[in-house]
Amino acid sequence: MTSRKKAILWIIAVILAAVIGYAVYYFTSIYNGLQGLHKTGEASPFKNLNTVEVKVPDPPKWEGTEPVNILLMGVDARGLEEGEIPRSDSMMVVSLDPVKKRIHLFSILRDTYTNIPEHGKERINTAITHGPNTAMKAVGDLLGIPIQYYVYTDFQGFIKMVDAVGGVDFYVEKDMYYPSAADKHEYDIDLKKGTQHLDGKTALQYVRFRHDATSDFTRTERQRAFLKAVAGKMQSTTSIMKLPDILEEVSPYIDTNLSVNDMWKLASVGYKSEMAGSEQIPPMKLLKEKTINKAAVLTVSSESALKNYIKDIFNKPTPVPVVSDGKTESETGDTNSQDTSSGKTKSSTGSSD
């Protein structure tokens, strides 16, 4: 072997070693970051929980066919004592269907008056104060679906997450202003209408704003829209490469019952799936405003109708893609077909060879 060939082989070996070394570091960092999201013992935000939690469905053994529902909870811990569990400021359910490769996003109006298992009827945002299992059961009973997982964070976790992905370019639909002297103006809202780059702090202002005529109704719409924008940013190659750094930033502020193995699998499904829709729960047609115990709450006119509403959303047929000539894929066919008039074989688009 000539010295030139030896030099080339040596360079290739060095490059391969560097690539393998980086891959080991990358995936080890991701694993450690994901593992840190599940808090136990003194690190758990629910370490001081005194109540006995309700039984919830065990997370399914992943076979690649079962829909999975995840409850996302953002809380406002301002002004609370150390270890005190705050009410949910926002609640969303992400539903992933690995067969249809579709994602549905539901935002729960926090003043929805419903049954909190073992604790009677109350606003749904109080469920988390009795622990994540109770919150999952309350939301699952309301929607008529099993909630197997939860992800829990606070204002700081949200800020860190948005900053970690580099912020998001987003259209703010109107001027938003609301000063808050109660927390020494740390969380004042002051945004101007127009497309702009939102970092963690300005994004928090956007998703928190509700000081207009429609209050929480439009706020939940904004939250769903922004979450979809963040999810889109996370799917970019740049964000994927930065994943170890992102996890390191957000890990201290997030708690979940997802195992690392489940996170890997769900991430794979999510990356291959498309957003099928997002909905407010309860929908306007089933919502009633009432005053109960001198407090304004939102009630559901028919719980069975709400569950049927959710079922109908899941059972919507998957749209059939339309190709450039206006025909659907089923009309053109996935395999080559024979043109009986000319004897020529047609391609899947219907054009002749």
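The legends below describe close-up views of a predicted model.

**Figure 1. Overview of the protein chain in the predicted model.**
The chain of 353 residues has 40% of its residues buried. Its secondary structure consists of 10 helices and 16 strands. Among contacts with a separation of 6 or more, 65% join residues 24 or more positions apart.

**Figure 2. The aromatic pair of Phe106 and Phe314.**
Six aromatic pairs are present in the structure. One of them joins Phe106 and Phe314 in an edge-to-face arrangement, with 5.8 Å from centre to centre and 85 degrees between the planes. Phe106 belongs to strand β3 (residues 102-108) and Phe314 to helix α9 (residues 303-314), so the pair links distant parts of the chain, 208 residues apart. Phe106 has a relative accessibility of 0% and therefore counts as buried.

**Figure 3. The aromatic pair of Phe170 and Tyr206.**
The ring centres of Phe170 and Tyr206 are 5.1 Å apart. Because their planes stand at 65 degrees, and an angle over 60 counts as edge-to-face, the pair is assigned to that class. Phe170 is part of strand β7 (residues 168-172), and Tyr206 is part of helix α4 (residues 200-208), so the pair ties together parts of the chain 36 residues apart in sequence. Phe170 and Tyr206 are both buried.

**Figure 4. Surroundings of the Tyr206 ring.**
Tyr206 belongs to an aromatic cluster that it forms with Phe158, Phe170 and Phe226. The ring of Tyr206 also has a charged group over it: the charged end of Arg222 lies 6.0 Å from the ring centre.

**Figure 5. The crossing of helices α2 and α9.**
Helix α2 (residues 132-143) and helix α9 have axes that come within 7 Å and cross at roughly 85 degrees. The two helices are therefore roughly perpendicular to each other, since angles from 65 to 115 degrees fall in that class. On the α2 side, the contact is made by Asp141, Leu142 and Leu143. On the α9 side, Leu306, Lys307 and Ile310 take part. Helix α9 also holds Phe314, the partner of Phe106 in strand β3.

**Figure 6. The cis peptide bond at Pro282.**
Most peptide bonds are trans. The bond from Ile281 to Pro282 is cis, and its omega is near -5 degrees. Pro282 is located in the loop between strands β12 (274-281) and β13 (287-292).

**Figure 7. Positive phi at Glu118.**
Most residues other than glycine have a negative phi. Glu118 has a positive phi, near 70 degrees. Glu118 is placed in the loop between β4 (113-115) and β5 (121-123). Its relative accessible area is 69%, and because a value over 50% counts as exposed, Glu118 is in that class.

**Figure 8. Positive phi at Lys294.**
Lys294 is a residue other than glycine with a positive phi, near 65 degrees. The loop that holds Lys294 runs between β13 and β14 (295-300). Lys294 has 85% relative accessibility and therefore counts as exposed.

Definitions and conventions
Residues numbered from 1 in each chain as written. Predicted model: local features only at pLDDT ≥ 70, side-chain atom pairs only at ≥ 80, totals over all residues. Heavy atoms only, no water. Helix = DSSP H or I, 4+ residues; strand = E, 2+ residues; numbered from the N terminus. Buried < 20%, exposed > 50% of the residue type's maximum accessible area, 1.4 Å probe, protein only. Contact = heavy atoms within 4.5 Å. Phe/Tyr/Trp six-rings, centres within 6.5 Å; stacked < 30°, edge-to-face > 60°. Lys NZ or Arg CZ within 6 Å of the ring centre and 35° of its normal. Axes fitted to C-alpha atoms, helices over the stretch in contact; angles between N-to-C directions. Parallel < 35°, antiparallel > 145°, perpendicular 65-115°, else oblique.
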